[in-house]
Amino acid sequence: MTTTRSALPSALAALRRPAGALLRTRLVASLTAPRGVDHYVQLLAPTWSSSQIRARIVSVDRETEDTVSLRLTPNDNWLGFQAGQHLHLSVTIDGVRHTRTFSISSAPCEGSPLRLTIRAFPGGRVSNWALRDARVGDVVELSAAQGQFVWRGPASTDLLFVSGGSGLTPIRSLVQQLLHDGHAGQLTCLHYARGEVLFHSELDALGRAFRNFRFVPRLRAGLTAPAAAAARFSLDELSAVHPAWQQSEVFVCGPSSLEHSVRDAWATAAPATQLHSEHFRQVASGLAASGADAAARYQLVFEKSRAAISGHGAASLLEQAEAAGLRPAYGCRMGICHTCKCRKRSGVVRNLITGQVSDAAEGSIQLCVNAPLSDLTLDA
Amino acid sequence: MQTQAHRQHEPKLSAEQLAELGAELDAIRDRVLCELGEQDARYIRELVARARLAEVSGRALLFAGVLPPAWLLGVGLLSLSKVLENMEIGHNVLHGQYDWLREPSLEGASYEWDWACPADSWRHSHNYVHHTFTNIVGQDRDLGYGLLRMAEAQPWHPAYLLQPLLAAAQALTFEWAVAVHDLELDAVLAGTKSLRQLLDDAQPVVRKVLAQGLKDYVYFPLLGGPAAPAIFAGNLSANLLRNVWAFSVIFCGHFPDGVQMFEGVDQRTESRAAWYLRQIRGSANCEGPGWFHVLSGHLSHQIEHHLYPDLPASRYPQIAAQVKAACEKHGVPYNTGSFPKQLAGALRRVLRGALPPALTRLRTQAAASG
């Protein structure tokens, strides 16, 4: 995947790679240590980096009332992606950096810029930023593309895609790429939506253009309760839409309720075929778990110590880890020296000094002054 | 006479008063935490950008350093950038003051600063040892840096007669003195630390000192070709200026007149409020204009810094009046004065510590735990 050269004069653009190579030399590293060369080059070129993937937003398009697509041109550190993969997007909102995971909704065959399609939900920091505040020209940071929600099997296999809401985004990428690559098997896309259907006209058009692709949207908006319940995934529904479903490999992406019902159906009815799933979770900005339940027990995973212990909300994580025989690093034991600071991969904690409740996203916490309010995974 | 006066003013707080003081100080911290936001983020990011601009332009000017005005301006800008990076940015970022921004380049646990002492070693010797055991004789290694006699409770030895010279040498080489500080050479001499342990600990320090030295004294001069002598001299001058400035500011933090030293405090059983009180009594502020506070990394607000080492330092001036009011309410002395006055007090302590106790009395009062 190549990067758009935007408005740079071509002579300058030709110098970009040799300049990049020079900036990555040991001499330059020595001259710019310990901050590193990125720190200084940022003065002139905010998207250049020796190693980080930074991208510029080149368009912001509303897809539906609550969904937006951002087109991004990444720098040279972006190594491309496979259809169906996702990435971590990091943006700075009100001075604070937030990182969330999004599927790539464009396909590799569509080239650069790549596209993320993001649905905003109430309380979603990053998704609402994307919907309301993202502007053309903003620079964001990306991770490398990752994930196994991809198809590497034979082109003759029938594939069934089941999606809910914005879970359609990686499937749209997969379908575009597979059709571009001349996939011969039948591609069926069963999609559930509450309101407007994402990529509706585009997928309908693909259905008309390709004999082996069918797009079947199921809309719940405006339906009465029994009809809305019927517009949920079921084996009956599936048999009606796609009678040969048992011969298909299935890709499911959507809310966990959808993933579970598809998984259950497959476990009983078609255990031989493979189920690929990609779940997404909405990380609201905390407080959901603020009511500390004295009797609640939580599973605390300490990755570095390779241990999972049972914990509670009444004592610091450091004390609980030590009581379980673990030996995480610590210093002052009162929250001032930050020696015990570690990454919280997931979970909610409460600060024992301030009473503040964290959000559920990845972040760093001090073990000595935080107690769990949910199951936790810690890099400690 | 002053010694007597200070003795009379030592706070005698009841358990209730102490708890009340602790609660008031906690409340100040909570209020700041609630207010942290975009303006703090903008402040530190703009400061990082300014320090970077000062460094780049300072180094560029030194390449034209054969012209005296360019050389002088270059040294000025490079010194400024080093002071900002080391004090208002590095020291404060390393405390985790900006961790809430979740910005990897401003993360306390991974930041590496542009001076000789490796950040890892600093996080241990400063963030943990100094800030936890502040001014406890025999526990706070910043109390004389294993080199100087700064408290009456430290036994005198004739070698201390040389301490004014040692302090002057330390000021000029402060960057290296701090880098070596965490190696605990004094413990090796005393036989409580093995030579092997010293060699292990020394490796990262030697690497960082070399990297910093090569950059300023070999690579940049060589890159300048004919300007090499001017660049070498310019970098040396900037480092010396930064060293003397950092030494002066840091000595004003805990060594001016009236600062209390502690003996026999068991930090593990100390309450949070008692820890607060020790931080207040063991620290001293310097007064000055806004730019002075920024250039000192807000260590001029040493009292506020020691109460709240992980709050963004630019907030200290805003809360100083509240901290002072809480102190006055409970009769706790709040040590503040002009920079020259506090520095003179710290230097007097260096001179007095050099002399045998029979000749002089240190103003420090080794006080038992409260």
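**Notebook: helix packing, chain contact and a strand**

I looked up helix 6 (residues 163-172) and helix 15 (residues 339-354) of chain B, which pack at an angle of about 140° with their axes 8 Å apart. That angle makes helix 6 of chain B oblique to helix 15 of chain B; under 35 degrees counts as roughly parallel, over 145 as roughly antiparallel, 65 to 115 as roughly perpendicular and the rest as oblique. Axes are lines fitted to C-alpha atoms, for helices over the stretch in contact, and angles run from 0 to 180 degrees between N-to-C directions. Helices (H or I, at least four residues) and strands (E, at least two) are DSSP runs, numbered from the N terminus.

I noted that this is a predicted model, in which local features need pLDDT of at least 70 and side-chain atom pairs count only at pLDDT 80 or more, while totals for chains, interfaces and linings use all residues. Residues are numbered from 1 along each chain as its sequence is written, and chains are lettered from A and ligands numbered from 1 in the order in which they are written.

I then listed the residues that meet: Gln163(B), Pro164(B) and Ala167(B) in helix 6 of chain B, and Val350(B), Leu351(B), Gly353(B) and Ala354(B) in helix 15 of chain B. Contact requires C-beta atoms, placed from the backbone, within 7 Å.

Next I turned to the contact between the chains, which takes 34 residues from chain B and 23 residues from chain A. Helix 3 of chain B gives the largest share of chain B's side, six residues.

Finally, I found that Ser163(A) stands opposite Cys253(A) in strand 10 of chain A, and Cys253(A) stands opposite Glu278(A) in strand 11 of chain A.

Technical notes
Contact = placed C-beta atoms within 7 Å. Pairing = 2+ DSSP bridges.
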